[in-house]
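Work through the following exercises with the sequence and the model side by side, and try each task before reading its solution.

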Amino acid sequence: MSEYEHDGEPIRGLPGHLPAGEHILWQGAPDWRILARSALHAHWVAIYFAALAVWSGVNGVRGGAPLLTILTSAGLTMVVGAAAVGLLVLYAWLSARTTVYTLTNRRFVLRHGVALSKCFNIPYVAVASVGVKLDANGTGDIPLSLAGNAKIAYPHLWPHARPWRFGNPEPMMRAVPEAAAVAERLSQALQQASRDADRPFVAEPVRPTVEAASGQSP
């Protein structure tokens, strides 16, 4: 998929023109490098195939196999592993390229899709709470839990969904640079929306991770 497929958008990342009184607060997209690690777990796939290659080599040595056979087997495993990691990284790059997160003063809009473009409009009145989890470098994930009967199927959101929340899927902005500032802006917009709707809004605490390379999701 190319950005050319979205040339018809009246405003980048949005399905139509904004109505009177609505304006964009922020737009962004995932960092594809961190998306490859945190959502697609490309680093674990690389480690898995490296371990397979080592295991194959050790077994070959113990079994007395010829050196060429051992090296060929380990090499083929590494080639397959490199191809798998390459595909995951390519998908992460394409996903980041075709994803736009948009915050307006009234809603969150998620436009994404590598093979099939999808766009979800989530009014702030349909959001029950928002959280944020940060890496040490300031990049982070921002999940939004939906209120009441509002629900979007997990497969329609992935990879922009909070992991393991299949029963009540939560849209999530993934691998967002300067995530704390984005979450703060979103929280303020949600609080204003809750005041306008006369209902409480819950902001989950920021939970920084310890390691910059942590692939954990909230």
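**Exercise 1.** In what order do the four strands of the open sheet lie, and is their pairing parallel or antiparallel?

*Solution.* Before starting, note that this is a predicted model, in which local features need pLDDT of at least 70 and side-chain atom pairs count only at pLDDT 80 or more, while totals for chains, interfaces and linings use all residues. Residues are numbered from 1 along each chain as its sequence is written, and side-chain values use heavy atoms, with hydrogens and water left out.

Strands (E, at least two residues) and helices (H or I, at least four) are DSSP runs numbered from the N terminus, and two strands pair if DSSP finds at least two bridges between them. With these terms, the order in the open sheet is 1-2-3-4, and the pairing is antiparallel. Strand 1 (24–28) and strand 4 (118–123) stand at the edges with a single partner strand each, so one side of each has no neighbour in the sheet.

**Exercise 2.** Examine how strand 3 is joined to strand 4.

*Solution.* Strand 3 (residues 107–112) runs antiparallel to strand 4, and six bridges join the two.

**Exercise 3.** Which residues have the most contacts inside the largest nonpolar core?

*Solution.* A nonpolar core is a set of buried Ala, Val, Leu, Ile, Met, Phe, Trp, Tyr and Cys residues joined through side-chain atoms within 4.5 Å, where buried means under 20% relative accessible area (1.4 Å probe, protein chains only). The largest core has 28 residues, and those with the most contacts inside it are Leu103, Phe108, Tyr124, Ile142, Met173 and Leu186. Helix 5 (179–197) is among the elements that each supply at least two residues of this core, and helix 5 gives the most, with seven residues.

**Exercise 4.** Locate serine 38 and serine 56, and decide for each whether the residue is buried or exposed.

*Solution.* Serine 38 lies in helix 1 (residues 32–38) and counts as buried, at 5% relative accessibility. Its C-alpha is 9.8 Å from that of glycine 140, although serine 38 and glycine 140 are 102 residues apart in sequence.

Serine 56 lies in helix 2 (residues 42–62) and is buried, because its relative accessible area is 17%. Leaving out residues up to four places away in sequence, serine 56 touches Ser73 and Ala74.

Note on methods. Buried means under 20% relative accessible area, exposed over 50%, partly exposed in between (1.4 Å probe, protein chains only). Contact means heavy atoms within 4.5 Å.
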